[in-house]
Amino acid sequence: MYELVNTAQSQAWNGDEGRHWSDHHDRWNAVNEGFNESLLTAAGIGPGDRVLDVGCGAGQTTRLAARAAAPGSVLGLDLSEPMLDRARLLAAQEGLGNIGFEQGDAQVHPLPEAGFDAALSRFGVMFFADPAAAFGNIARALRPGGRLAFVCMADPDRSEWAQVYGAVSAALSSAPQVSGVLSGPGMFSLADPAVVREVLGQAGFDDVRTEASAALGLFGRDADDAAGHLLGSGPGRHLVEQLDAAGDGEGAERVRAALRAALAPYEQASGVRMRTGAWLVTAVRR
């Protein structure tokens with residue numbers, strides 16, 4: 001059993017959420033892959049580099065980094081066994097022999113000291129129970145002068161899909177606490193650049209820079225398809241659970257209908273496309 005302190009996130013990502021993201025990895029890649037090029041460029045990965053991918057999920061960024069680093073190597077680290085199983089399968093299918101995957105909690109996982117030239121993450125660093133401990137562990141794993149690059153969520157007002165959830169929550173106002181579906185720690189824990197600079201500075205990084213970034217993601221073929229997909233995600237399930245707890249026997253259908261209505265304005269000929277607002281963060285280990 002791997003060492004673990006971030007128990008709540010481990011339960012989520014080894015439960016329904018992890019299975020959902022593993023089963024639908026291609027759809028989530030379609031949502032987030034617009035950040036790949038800028039992230040890889042910011043990480044500055046070159047031939048021979050040793051790279052750490054934190055919160056690697058099903059491993060799309062890990063595989064991209066492996067190609068850029070060859071003949072170097074990449075280690076993908078994640079809490080989620082279902083997603084790591086998918087990541088290993090996809091890497092094998094693509095014949096990438098310079099990748100390894102480990103299940104672990106970035107706050108305490110025994111990474112080799114100064115064992116990496118670069119670390120990167122695409123939306124995998126916002127869920128730490130103790131960000132200072134996690135980034136301190138990542139810093140120790142980088143050689144002095146090693147590079148850190150990651151993408152994290154910006155304020156929800158900059159993401160159209162967050163506005164969709166807000167509209168759905170308003171439409172389902174009879175359900176208690178649905179307005180809090182996107183509040184609290186988690187995906188928006190690093191939305192304030194001042195917090196990012198403080199945490200990374202305490203963890204041992206210099207030259208911390210935050211650059212506003214945005215990308216259009218493909219959420220589905222049409223509003224109904226996108227609604228069905230989002231219904232299976234954590235926020236979607238949360239809304240259904242709140243309605244069920246309030247005694248609504250048709251919670252899933254009500255949430256799906258509300259999602260479909262809120263997503264309709266984003267339909268294009270190519271599908272439902274919505275903007276995600278993020279920060280592209282870079283830093284150097286001192």
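## Around Pro71

Pro71 sits in the loop that links helix H5 (60–69) to strand S2 (73–78). Helices here are DSSP runs of H or I with at least four residues, strands are runs of E with at least two, and both are numbered from the N terminus. The peptide bond from Ala70 to Pro71 is cis, with omega near 10°.

This is a predicted model, where local features need pLDDT of at least 70, side-chain atom pairs count only at pLDDT 80 or more, and totals for chains, interfaces and linings use all residues. Residues are numbered from 1 along each chain as its sequence is written, and side-chain values use heavy atoms, leaving out hydrogens and water.

S2 runs parallel to strand S1 (residues 50–54), joined by 5 bridges; strands pair if DSSP finds at least two bridges between them. Val54 faces Leu77 of S2. Going from S1 through H5 to S2, the chain makes a right-handed β-α-β crossover: with the strands pointing away from you, the path from the first strand over the helix to the second runs clockwise.

## Two positive phi values

Phe123 isn't a glycine, yet its phi is positive, about 60°. Phe123 lies in the loop between strand S4 (116–122) and helix H7 (131–141), and counts as buried at 12% relative accessibility.

Asp207, also not a glycine, has a positive phi of about 50°. Asp207 belongs to strand S6 (residues 205–220) and is partly exposed at 44%.

Note on methods
Buried means under 20% relative accessible area, exposed over 50%, partly exposed in between (1.4 Å probe, protein chains only).
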